[in-house]
Amino acid sequence: MADHKGCRMRTEGAGGRGLALACVLAVLPLAAAALLLWQGVGSAPASGAGAAREGASAGSGDGMTGWRLLLALAVIIAAARAAGALFSRFLGQPRVIGEMVAGIVLGPSVLGMLTPGLYHTLFPGPLLPHIEAVSQIGLALFMFLVGLEFGAARHEGQGRTGMAVGFVGVALPCALGIGLGCAMYRTLAPHGVEFVPFALFIGVAMSVTAFPVLARLLMERGLLQSRAGSLAVLGAAVADLVCWLLLALVVTLLRSSSPLGVVRTLALTALFLAGMLLLVRPLLRKALGRPERWLPDGGLLALVLVGVLLSAVATERIGVHLIFGAFLFGAVCPAGVPALDAVQDRMQEFTTSVLLPPFFAYVGLKTDLGLLADDAGLWLWAGATLFVAVAGKIVGCAAAAALMGVGRADALRVGTLMNCRGLTELVILTIGRELGVLSPSLFTVLVLVALAATVMTAPLLDVLDRRTADAALLSIHH
């Protein structure tokens, strides 16, 4: 008993020292990044630098008939489902990876190159705004589901260690990404985009962990209740929250034309957040406590849908992206309510199987690998970006976990799991594409990096598992 108590005291002491070191590890790279941002204020991209913008968008859709949209959606959903099953069954990857790849296959990079006639028949220019509208609805509902999972995970995990993993898992990759943005700015930044939002956006893009994809990967591998799994879930929840806040700042800087406009947007965002926490959350808790009284005849699903859409509209009108409102509405919903769990189950399959594939297709339609075909420099940038993204996440998160007393094998697992980017990364890149902070070529580079970093998660875990098993056998023989 005394030995156990002494061991616990030593562990807590190591955890305290590790937390201090983790804080230093988080602050130092961010200080270096702040210095880079300060030095870069006022600089501008070279004249004519960056890839050329796409031409004027296709027509508004006048004359397009409903059956063309229905046909396109049917093809998108079927392709996503088939690719998801293929990647899950034969390649050991999460289903979402196959759906992401299906979106690129349906775009100009594969279908448009192999059969341009079929490609333009299925996805003519005037149809793209309609596909985008469907994808925005799916994106809002998906971010609500992410918010629900985030809310349920807030009180789980291993406290200070998970928090340290999350913060360092943003600080180090973000700092490295800002440094990468400094190197990219003069050659890859679209003309007219200022240095600070561009470099900050690259930093955020390097810092993302796909919380929902990570949770499903852990469930499929039976690791959700393991130490590494619980630390990764809590770390990913913290990291994603910080990334969303940073992204909101970037969007505000890009959309506001004056410092006063930035202050106004931030003030309205803070007011909206306070309203969600102080007004909406208590009302939801009261309504969901006795849903049969306040919401008869299955009105809970309608309430949730209305709340998600109105929250998305509110943040869009404030000046930040609609995903923030949808995410926040899910995050303020009370956890552990059976009626809400039932609504979540009903929405999950329809959202992921029907409404999200159009988002993947929309990303794929904007991703053109042909832009990289004749430019070896872009492939070099892709390799450098992949190295920065993977090294920043794995090294930062593994180091933070190790400093908090986690064993080497589990610390490496935590770092590997936190490198899973998936759909969340595509959401952020699409926002950057819409805001004009990413050129078409840089958008394509970052999409490829997101796919590569996500695909390598499962194989790296297999390697770590084999090494752990071999080490255990070796110790037994000795």
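Start by selecting Thr 209: leaving aside its neighbours within four places in sequence, Thr 209 is in contact with Leu 214, Ala 236, Asp 240, Lys 393, Leu 417, Met 418, Cys 420 and Thr 424. Contact here means heavy atoms within 4.5 Å.

The model is predicted, so local features need pLDDT of at least 70 and side-chain atom pairs count only at pLDDT 80 or more, while totals for chains, interfaces and linings use all residues. Residues are numbered from 1 along each chain as its sequence is written, and side-chain values use heavy atoms, with hydrogens and water left out.

**Around Thr 209**

Thr 209 sits in the loop between H8 and helix H9 (211–221). Helices are DSSP runs of H or I with at least four residues, numbered from the N terminus. With a relative accessible area of 0%, Thr 209 is buried. Buried means under 20% relative accessible area, exposed over 50%, and partly exposed in between, with a 1.4 Å probe and protein chains only.

Then show the backbone of Met 418, whose oxygen lies 2.7 Å from a polar atom of the Thr 209 side chain.

Next select helix H8 (residues 195–207). Its 13 residues should span 18 Å at 1.5 Å a residue, and its end C-alpha atoms are 19 Å apart, which agrees. The expected span is 1.5 Å times one less than the number of residues. Because 12 of its 13 residues are buried, H8 is largely enclosed by the rest of the structure. Among the buried ones are Phe 195, Pro 197, Phe 198 and Met 206.

Move on to helix H14 (residues 322–332), where 11 of 11 residues are buried. They include Leu 322, Phe 324, Phe 327, Phe 329 and Val 332.

**Salt bridges**

How many salt bridges are there? The count comes to 5, where a salt bridge is a side-chain nitrogen of Lys or Arg within 4 Å of a carboxyl oxygen of Asp or Glu.

Select Glu 349 and Arg 81, whose side chains meet in a salt bridge (3.4 Å, N to O). Glu 349 lies in helix H15 (residues 338–355) and Arg 81 in helix H2 (residues 66–90), so the pair ties together parts that are 268 residues apart in sequence. Glu 349 is partly exposed at 42% relative accessible area, and Arg 81 is partly exposed at 39%.

Glu 99 and Arg 95 form a salt bridge at 3.3 Å, N to O. They are 4 residues apart in helix H3 (residues 95–105), a separation of about one helical turn. Is Glu 99 buried or exposed? At 5% relative accessibility, Glu 99 counts as buried, whereas Arg 95 is partly exposed at 25%.

Now select Asp 465 and Arg 413, another salt bridge (3.3 Å, N to O). Asp 465 lies in helix H22 (residues 457–477) and Arg 413 in helix H19 (residues 408–418), so the pair ties together parts that are 52 residues apart in sequence. Salt bridges that share partners join Asp 410, Arg 413 and Asp 465 into one network.

Technical notes. Helices (H or I, at least four residues) and strands (E, at least two) are DSSP runs, numbered from the N terminus. A polar contact is a pair of N or O atoms within 3.5 Å; within protein, one must be able to donate a hydrogen and the other to accept it, and residues adjacent in sequence count only if both atoms are side-chain atoms.
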